[in-house]
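Keep the viewer open and try each task before you read its solution.

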Amino acid sequence: MQDVVKTYYGETLTSSSDLKTDACTTDARPPAHVSAALAAVHDDVAARYYGCGLAIPAALDGLKVLDLGSGAGRDVFALAKLVGPDGHVTGVDMTDEQLDIARSHEDWHAEKFGFAAPNTRFVKGELEKLGELDLAPGSFDLIISNCVINLCTDKPEVFRQAHRLLKPGGELYFSDVYADRRIPQDLVNDPILYGECLSGALYWGDYQSIARAAGFADPRVVSHRRLGIIDPVLKARVEPIRFASVTARLMKLDGLEPACEDYGQAVIYKGGIEGMETVFRLDAEHEIEAGRVFPVCGNTLAMLMETRFAPYFDVVDQGETHFGLFPGCAAPDVFADTQASSGPAPVGGCC
């Protein structure tokens, strides 16, 4: 299947217009500063973008970032602008044609961004073999991936290696495609379905088990959308399987609990994060208005106060008393036709 992927993304696809589904496309509307960074990417790079979501989180200044399956480098170069000259972005990809495009545009982007030298690096390698590459354990603040893990043949190993490469308090923030059931082997073997990011999709339940087994104890959903299949022949082949594109956040934190536990604590968002000046969005269930006392469970508190987000929050209460399970917690249905309307989560609703 790796040869299939190399051929499909190195030779078959010449631009995103060649895709037969909307799996490897993005409809998310990014914040203004992220839009500006994406708009600054060279047209030849942007034309070979095959991501399925917006894998660019907030608060990036000075971070050391790794992009798994970086392709021609669209996200790498956008992130390079956002992390600034004191940050650095490394891209890993196994396709020579994509890497050639990315490397040939490094100097162009450094000059475009006003940097003295490129703050990017591109490494050839397979994501299933990250442990064999020149990547130091515990050296990255953030790892992203955009519609690539579903193309990997050993997905548990990718999550294990991502956990190993992250610093404590770092995160894997990524977009990918999932199915509402395990994919039959005859569909997995179909090169077009696999290349289109469908038949390699993990069953949603298996993804959550794999993420936890790799050390990411409390997987969070940032956004999700049902996928449409443009080609009627492909659509008929995969029905009635439902597919969803999900942007997720996995934090490398010790001590996270299996459930949302209530310690009577709350946070107050002080504002200050670009693109989230008035509302901080941790995930689909946590939109925290600036200046508002917002009750949180122990896991959510750790995700805010033991990560790069800590300077932007104050904590209410010391958490000395345990009150049992936090009320109202429920994970979103990522295969629903629509997402719930955006807006601040209710106080005392979900942790």
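Just past helix H4, Gly84 has a positive phi of about 80°. Helices (H or I, at least four residues) and strands (E, at least two) are DSSP runs, numbered from the N terminus. The model is a predicted one: local features need pLDDT of at least 70, side-chain atom pairs count only at pLDDT 80 or more, and totals for chains, interfaces and linings use all residues. Residues are numbered from 1 along each chain as its sequence is written, and side-chain values use heavy atoms, with hydrogens and water left out.

**Exercise 1.** Work out how many residues of H4 are buried (under 20% relative accessible area, with exposed over 50% and partly exposed in between; 1.4 Å probe, protein chains only).

*Solution.* Start with the count: nine of the 10 residues in H4 are buried, so the helix is mostly covered. Then put names to them: Arg74, Asp75, Val76, Phe77, Ala78, Leu79, Ala80, Leu82 and Val83.

**Exercise 2.** Describe how H4 packs against H6.

*Solution.* Two packed helices are described by the angle between their axes and the distance between the axes. Axes are lines fitted to C-alpha atoms, for helices over the stretch in contact, and angles run from 0 to 180 degrees between N-to-C directions. For H4 (residues 74-83) and H6 (residues 106-113), the angle is about 30° and the axes lie 11 Å apart. That makes the two helices roughly parallel (under 35 degrees; over 145 is roughly antiparallel, 65 to 115 roughly perpendicular and the rest oblique).

Next, look for contacts (heavy atoms within 4.5 Å). Phe77, Ala80 and Lys81 of H4 meet Glu106, His109 and Phe113 of H6. Sorted by type, these contact residues are three nonpolar, one polar and two charged. Here Ala, Val, Leu, Ile, Met, Phe, Trp, Tyr, Cys and Pro count as nonpolar, Asp, Glu, Lys and Arg as charged, and the others, Gly among them, as polar.

**Exercise 3.** In what order do the three strands of the open sheet sit?

*Solution.* The order is E12-E9-E13, with antiparallel pairing. Strands pair if DSSP finds at least two bridges between them. E12 (293-296) and E13 (313-316) are the edge strands, each pairing on one side only.

Now check the bridges. Four join E9 (residues 265-269) to E13, and four join E9 to E12. Ala266 has Val316 in E13 as its bridge partner, while Gln265 stands opposite Val296 in E12.

Last, look at burial: four of the five residues of E9 are buried, so this strand is largely enclosed by the rest of the structure.
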